[in-house]
Amino acid sequence: MNVTPETDLLLACARRFACTASPAEFRDRAGRITDWPAAISLARAHWMEPLAAWYLDTECAELLPSAIREVLRAAIHRSAVNFLLLSAELIKVLCVLDAGGIRVVPLKGPVLAAMLCDENPWRESCDLDLLVRPADITWAKDALIAAGYRLDSQLPGGEENATFHWRSQLVLTRDGIGPSIDLHWQILPSLFPCARYFDSAWNRLETTVFHNQEIPAFSPEDQLFFLCAHAARHSWQSLRLAADVARLIHIRPNLDWDWLIRSARAADGTMVMALGLWMVSRLLNVELPAPVLEFVNATIGAKVFAQRLLERLLSTPDENENFSDFGLQFKLAAGWWPKLQCTAAYALLPTDADGASLRLPRWLYLLYYPYRPARLAVKHGNKLLKSIRGGFPRPNHAAGA
């Protein structure tokens, strides 16, 4: 597939991060850029502006116009400030929850940035994702509200507790002060392909040190599966998702691949795992052990949807088609029963959008379940009618005049 010089530079940047490209290769790609604003805009769209700015500023600054150098250094500075603010906020939140006896696992955010980037502010984040046990979600929510946060929801407060069962997270904010908190009690919605992989992740937690504080963290194998599943959940919308997976494989050379593949298979996560490894192998030249590569090729092979996903990722943002998240999740579900579950989850489980479009009193919340498929039928029926009408030529009224 032919790519633009800007996309080629961004790929080289991700490969530098994964240590699959040399500084000379990166400089070569940078030397081909003539439209630097377009290159920076593309990096920003893929959440890779700080990373690209770092490599450009440290490895080929003399190739950049002075104005571009200033833009890139400002991006690095913003990212550093954001990293420090997120880190400080995370420590405060962890202290609040720890005081309530609530065990919490930070997901992504500054902890993942510190692990992947050796404390350098290369990985941009905008909020804090925290995982608590389902039994602790109400206690965690109340503790954060007592600390000054409030629920950020389109639903009235009285409906929040009634809708817990159709969600996997709550969002809390502090009236525009600081980042939002995404409080998860499930890493993935329960009917998402491979969601049950994480049922036992609590039993495999390790301890990591973040800003001189010990906190729980996923094992390297669970972290890798999480990054692949997170990317699939978001339909591999940005190159940063692939860069994260590739970097983790580089810094953890002793991954227990046999255990990881067995666990993925046992949790219906074979396709999710294989797709993530296929993407980084094809995009970022990540070398996988021979048995792992054999597993990836046997699982993904020449599947059309994977190739389309890769091509979509390399297209410019304004060329991206309307890619169906549900369509990808359906393809990743292994077997007819997981596919049926995935379809049922999409068609029957209400979302906040359903609650926002139909205001019901708390005691009638069960009516959201029949409302969900009815709303989808109207939504997709209208799209189908428009596409059908668009396929026929418009009548030429002048011809009969």
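Me: In this predicted model, why is Arg 204 called partly exposed?

Reply: Arg 204 has a relative accessibility of 24%, and since buried means under 20% and exposed means over 50%, with partly exposed in between, Arg 204 counts as partly exposed.

Me: What makes the contact between the side chains of Asp 222 and Arg 204 a salt bridge?

Reply: A side-chain nitrogen of Arg has to lie within 4 Å of a carboxyl oxygen of Asp, and for Asp 222 and Arg 204 the N to O distance is 2.9 Å, so the pair meets the definition of a salt bridge.

Me: How do you know whether Asp 222 is buried or exposed?

Reply: The relative accessibility of Asp 222 is 0%, and because the limit for buried is under 20%, Asp 222 counts as buried.

Me: Why are Arg 240 and Asp 244 both called buried?

Reply: Arg 240 has a relative accessible area of 12% and Asp 244 one of 2%, so each is set against the limit of under 20% and counts as buried. Their side chains meet in a salt bridge at 3.4 Å, N to O, and both residues lie in helix 10, 4 residues apart, about one turn of the helix.

Me: How do you know that the buried residues of helix 13 line one face of the helix?

Reply: Val 292, Phe 295, Val 296 and Thr 299 are buried in helix 13, and seen down the helix axis the buried residues fall within an arc of 95°, so they line one face. On the other side of helix 13, Ala 290, Glu 294 and Ala 298 are exposed.

Key:
Residues are numbered from 1 along each chain as its sequence is written. This is a predicted model: local features need pLDDT of at least 70, side-chain atom pairs count only at pLDDT 80 or more; totals for chains, interfaces and linings use all residues. Side-chain values use heavy atoms; hydrogens and water are left out. Buried means under 20% relative accessible area, exposed over 50%, partly exposed in between (1.4 Å probe, protein chains only). Helices (H or I, at least four residues) and strands (E, at least two) are DSSP runs, numbered from the N terminus. The arc is that of the directions from the helix axis to the C-beta atoms.
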